[in-house]
Amino acid sequence: MISSLTWIRKGAAQQVPDRFQLTDQEYARIAGQIGAEVDEARLGLAEAESAAAAGGEGEGADVMMVDEGEEAKPKAEKMNQDDELAEYNLDNYDEEEDEGEKDIPIFGNVKGLTYHGSNAEDPYVVVKDEEDEEEELEEMHIMPTDNLLLAAKTEDEISHLEVYVYEEEEDNVYVHHDIMLPSFPLCLEWLDFPVGRKMGKQERGNFVAIGTFDPEVEIWDLDTVDTVYPECILGGAPNPSRMGPAPIKKKKAGPARTSKNPNPERHVDAVMSIAWNKNHRHMIATGSADSTVKLWDLQKPETALRSFNVHKNKVQAVAWNGAEPTVLLTGGYDKKACVFDTRAPAGVVEWKLSADVECLKWDPFHPERFLASTEDGIVKAFDVRSATRDPLWTLHAHDAAVSALDVSPLLDGLIVTGSTDKQVKLWNVKEGKPSCLSSRDLGLGKVFATNFSADSPYILAVAGSKGKLLVWNMEDNAGVRKAFPPAQHTSAPATKRKEITTVESDDEEDEDEDEAEDAGLGMDEDGDEDAWEEEEDEDGDHV
């Protein structure tokens, strides 16, 4: 499944990525970062062993008495077996026979054997290592006109971040590289503030912050391939040697676990939401299952700058206001949304909702408004200036939880919703009167992520429980064209564009063709576009 998506604007990525090299300096950096985690694990193991020893002290004598009586018979049987096997001399089976102490070289029958330290030193190797590496990096070249698209994917209990390249002019999307993750990913947030090795060396970078079931936030460098460790970790494990014994929960069976008591310096439970401040680029806000919202300074990532307790349950969403960069919007499983200034968090404004919050979004064209989607399929819009706290409009968007919501950054009034009912819907919310422009089941299963492109007004990325990523070009959609005419925003393309662009393996394509033949449907010459229109989903509903 794909649990989260995010676009990266054109030109933000390095055209030729770097390749990770484990130098002595890099090894020392990684060892220093994981040292605290190792110390904490050792401390937890020692605590668990102490607890186990204390718990089993009283039972030791009785166990020994029973063992002595029961072991007598097996010992006698073992001695009889040893006598029968003695004739085979198995104890000396692997020892070589002495043949006069001859010195036999390893390659005794090979004359003139020359060893080279690398292929570059071997005159008989025509293709050098450097040439192979340069050719491989050339294939990974990212053009300034390409978008990157990040997907947090879990497959067969293995989680990783997939970095896609979307070539808009060719209607092509493919996996550029991926990054293995230690735990199930819940949220992604792109940022350009340099951290780790690149801090202070360049003005902007290309990084992603990832929240998982672990209480830490990992920040990875997207311009480096084959990397094995994040550049930065927000709220990493404390060093027990400096901070004293960490609170440990002891169990008679199983490993020791870190206490989930609230901690003002770091999260103690899963990180469910992340928001990067585009105005104050070194600041990040996070929401966690520990019911706290934390503010981080990327220049000092070890501990949180501030901690806010504005919710009484898990914090599902956080978002910075685009016009007021110190104002933060949060929503949680306590059925409320909160807005407050991080400089004065005492003045919190709350909105009661009908169910747990799924998504929160500020309106980029009307910064005083925000949208909230909830678990009961409702989307509401609010004005933070209103004294009554009543919604501007209420939309029953889906019959199940609205698990995905986005507001177009380029077309005023266009929003998209996705749900666990497998539907993706486009809405026109101009003038406070929402109307559905299009509703489709794209064959992605339960929809968990829908994101508009920041560069192209009619490009939308969608993903869900089936683990497939799909890019939907809405320019030829009748409902969208009527409400938002393309002539007002873009020139007409010279050739007809593909409506659906996705990545499929050869096996998946063969399966699709077999299913189409069985159903009496033909694949068109251009690929899957016509098949999308007539394909039936698992429930028998037409797309």
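Which residue in the turn of the E26 and E27 hairpin has a positive phi?

**Before selecting anything**

This is a predicted model, in which local features need pLDDT of at least 70, side-chain atom pairs count only at pLDDT 80 or more, and totals for chains, interfaces and linings use all residues. Residues are numbered from 1 along each chain as its sequence is written, and side-chain values use heavy atoms, with hydrogens and water left out.

**Stop 1: the whole chain**

Show the chain as a cartoon. It has 7 helices and 32 strands; helices (H or I, at least four residues) and strands (E, at least two) are DSSP runs, numbered from the N terminus. Of the 543 residues, 45% are buried. Buried means under 20% relative accessible area, exposed over 50%, and partly exposed in between (1.4 Å probe, protein chains only). The chain exposes about 29,900 Å², with carbon and sulfur atoms supplying 48% of it; accessible areas come from the Shrake-Rupley method with a 1.4 Å probe, and for residues only the protein chains shown count as cover. Among contacts between residues at least 6 apart in sequence, 51% join residues at least 24 apart, where contact means heavy atoms within 4.5 Å.

**Stop 2**

Select Leu161, Leu222 and Ile284. These residues have the most contacts inside the largest nonpolar core, which has 35 residues. A nonpolar core is a set of buried Ala, Val, Leu, Ile, Met, Phe, Trp, Tyr and Cys residues joined through side-chain atoms within 4.5 Å. Now centre on isoleucine 284: leaving aside neighbours within four places in sequence, its contacts include Leu191, Ala209, Leu234, Trp276 and Trp296.

Next, select strands E6, E7, E8 and E10. They form an open sheet of 4 strands in the order E6-E7-E8-E10, with antiparallel pairing; two strands pair if DSSP finds at least two bridges between them. E6 and E10 are the edge strands, each pairing on one side only. From one strand to the next the twist averages 25 degrees, with axes taken as lines fitted to C-alpha atoms (for helices over the stretch in contact) and angles running from 0 to 180 degrees between N-to-C directions. Between E7 and E8 there are 5 bridges, and phenylalanine 207 stands opposite aspartate 221 in E8.

The side chain of glutamate 231 makes a polar contact with the side chain of arginine 197 at 2.5 Å. A polar contact is a pair of N or O atoms within 3.5 Å; within protein, one must be able to donate a hydrogen and the other to accept it, and residues adjacent in sequence count only if both atoms are side-chain atoms.

**Stop 3**

Select residues 404-407, strand E25. Ala404 and Asp406 point one way, Leu405 and Val407 the other, and all are buried. E25 runs antiparallel to E26 (residues 414-418), joined by 4 bridges, and valine 407 stands opposite isoleucine 415. In the hairpin of these two strands, glycine 413 takes a positive phi near 105 degrees.

E26 is joined to E27 by 5 bridges, again antiparallel. Their hairpin has 5 residues between the strands, and lysine 422 in the turn has a positive phi of about 80 degrees. That answers the opening question.

Why is E27 largely enclosed by the rest of the structure? Because 5 of its 5 residues are buried. Val424, Leu426 and Asn428 lie on one side, with Lys425 and Trp427 on the other. On to E28 (residues 435-440): 5 bridges join E27 to it, and valine 424 has arginine 440 as its bridge partner there.

Zoom in on asparagine 428, which counts as buried at 13% relative accessibility. A polar atom of its side chain lies 3.1 Å from the backbone nitrogen of lysine 430.

**Stop 4: proline 364**

Finish in the loop between strand E21 (357-363) and strand E22 (366-374), where proline 364 is found. Proline 364 is partly exposed, at 45%. Beyond its sequence neighbours within four places, proline 364 is in contact with Val407, Ser408 and Pro409.
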